[in-house]
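I opened this entry to keep track of what I looked up, one topic at a time. The sequence and the structure come next, and my notes follow them.

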Amino acid sequence: MSDSSDRKTPSKPGAASDIPFLEWVIGALGLVIVTAVVGVLIYEAVAGDKSPPDIKLTVQSIAPLQNGFVVKVRAENIGGEPAARVSITAEVWAQSKVVEASETQFEHLPPHSFREAGVFFQRDPRPNEIRLRALGYEEP
Amino acid sequence: MIPVLVGLSHYCGFEPTFDWQDDVVDAFVGYAVAFAASFLVLALFGEMQPGMPAHEVVGKLALQAVGGSIGALLAEGQFGMRDEHAEEEKENTSHAGELFLMLVGALFLALSIAPTEEVALIANKMGPAQAIALAVLSLIVMHAFVYALGFRGQADVPEGTPRWSLFLRYTVPGYAIALLASVYLLWTFGRTDGAGVEHLVTTAVVLAFPASIGAATARLLI
């Protein structure tokens, strides 16, 4: 801010020749963030996982409700492609027979991401085995 | 949110302010006005029902009031008489102030888009190559605004400043701010829960497109 030669209004901050060091630091910081974001995307484009959606289903918890039971299900897409409208069924098995079946749907399952949902049952599924299965999906 | 409002009051609030206490008072006045206006509008649209739990009422009002309060503080710049004080304040905006205004612009524009399902939906449809192209487009559009509009008649950008210098000092940090604001808003609305890195980055780039335009044009709004 001392003696900038080519300006009409001297002694204002952010002058031409002597740009404060801090501005370059912030610029560099911004560059790091932007480069990191673009870097992740380039990596995904070049070497990213391009495998089809692979839905891993796990029972998170079972809770009694006023009128039945809810089984909370976690769906994780361990594949590299996104899936939309993933429908799943949950079956309660006892003595190698399906006692009760229920189903639900996940709107979007992006790659390497998880979502949670719940399926309702009328009878207590806790003493029995719960089998989860993804039926199908739509490409977004 | 309050610190952003205090800062905004400093740069363009609805009355000339003289010290930071004034700015804090104005920020709260702006928030209160927005809170009341939000209640009125939500009640008109039937979104405020007698049977609603308190946390839902407060939550809806608080969320609506965020955008509303920024609008309240911007009102002077939009409709008010431009007095000399405000003009002077604008002329003297420092580099940090410039970046702060970019943050406000990014939040203001992205706030109404972040809660929608469409952001994640679009991100799901896009491949990484398209996301890169969108990021590059955002940077180009931002730089065009920064270069052509943002600094028109500005004393702190003398002639002969190389373009790359402006690009590195204003456009790149501005886009980084748009990205961070996008991630913050996505996180606020629970859109980052359970998301993988790739999906998170793509979603942020999608939301950062409008956010970056908001950031670059903040100077026109304010």
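Which residue is the bridge partner of A:Thr89 in S6(A)? I found that A:Thr89 has A:Arg133 as its bridge partner in S6(A).

**Ground rules.** I am working with a predicted model, in which local features need pLDDT of at least 70 and side-chain atom pairs count only at pLDDT 80 or more, while totals for chains, interfaces and linings use all residues. Residues are numbered from 1 along each chain as its sequence is written, and chains are lettered from A and ligands numbered from 1 in the order in which they are written.

**Sheet S4-S3-S6, chain A.** I took helices (H or I, at least four residues) and strands (E, at least two) as DSSP runs, numbered from the N terminus. Two strands pair if DSSP finds at least two bridges between them. In chain A, three strands make an open antiparallel sheet in the order S4-S3-S6. Its edge strands are S4 and S6 of chain A, each of which pairs on one side only. From one strand to the next the twist averages 20 degrees, with axes as lines fitted to C-alpha atoms (for helices over the stretch in contact) and angles from 0 to 180 degrees between N-to-C directions.

I then went through the pairs. Strand S3 (residues 83-94) of chain A is joined to S4(A) by eleven bridges, and the two run antiparallel. Across that pair, A:Ala84 stands opposite A:His108 in S4(A). The hairpin of S3(A) and S4(A) has two residues between the strands, and A:Gln95 takes a positive phi near 50 degrees there. With strand S6 (residues 129-138) of chain A, S3(A) pairs in the antiparallel sense over eight bridges. A:Glu91 has A:Arg131 as its bridge partner in S6(A).

**A:Gln105.** I looked up this residue in strand S4 (residues 97-109) of chain A. Is A:Gln105 buried or exposed? A:Gln105 counts as exposed because it has 12 C-beta neighbours inside 10 Å. The scale I used calls a residue buried if 20 or more other C-beta atoms lie within 10 Å of its own, exposed if 12 or fewer, and partly exposed in between, with C-beta atoms placed from the backbone. For contacts, I required C-beta atoms, placed from the backbone, to lie within 7 Å. Not counting residues up to four places away in sequence, A:Gln105 touches A:Arg85, A:Val86 and A:Ser87. I also noted that the C-alpha atoms of A:Gln105 and A:Ile88 are separated by 6.0 Å, with the two residues 17 apart along the chain.

**Sheet S1-S2-S5, chain A.** I found another open sheet of three strands in chain A, in the order S1-S2-S5 and with antiparallel pairing. Strand S1 (55-65) and strand S5 (113-121) of chain A are its edge strands, each pairing on one side only. Its twist averages 20 degrees from one strand to the next. Ten bridges join S1(A) to strand S2 (residues 68-77) of chain A. A:Ile62 stands opposite A:Val71 in S2(A).

**Chain B.** Of its 222 residues, 42% count as buried. Among contacts in chain B between residues at least 6 apart in sequence, 81% join residues at least 24 apart.

**Where the chains meet.** How many residues of chain B are in contact with chain A? I have 31 residues of chain B in contact with 32 residues of chain A. The largest share of the side of chain B that touches chain A, seven residues, comes from H8(B).

**Cores.** A nonpolar core is a set of buried Ala, Val, Leu, Ile, Met, Phe, Trp, Tyr and Cys residues joined through C-beta atoms within 7 Å. The largest has 62 residues, of which B:Ala106, B:Ala110 and B:Leu207 touch the most other members. H9(B) supplies the largest share of this core, twelve residues. I recorded a second, separate core of 15 residues, including A:Ile55, A:Val73, A:Phe106 and A:Val119.

How values were computed. Two residues are in contact if their C-beta atoms, placed from the backbone, lie within 7 Å.
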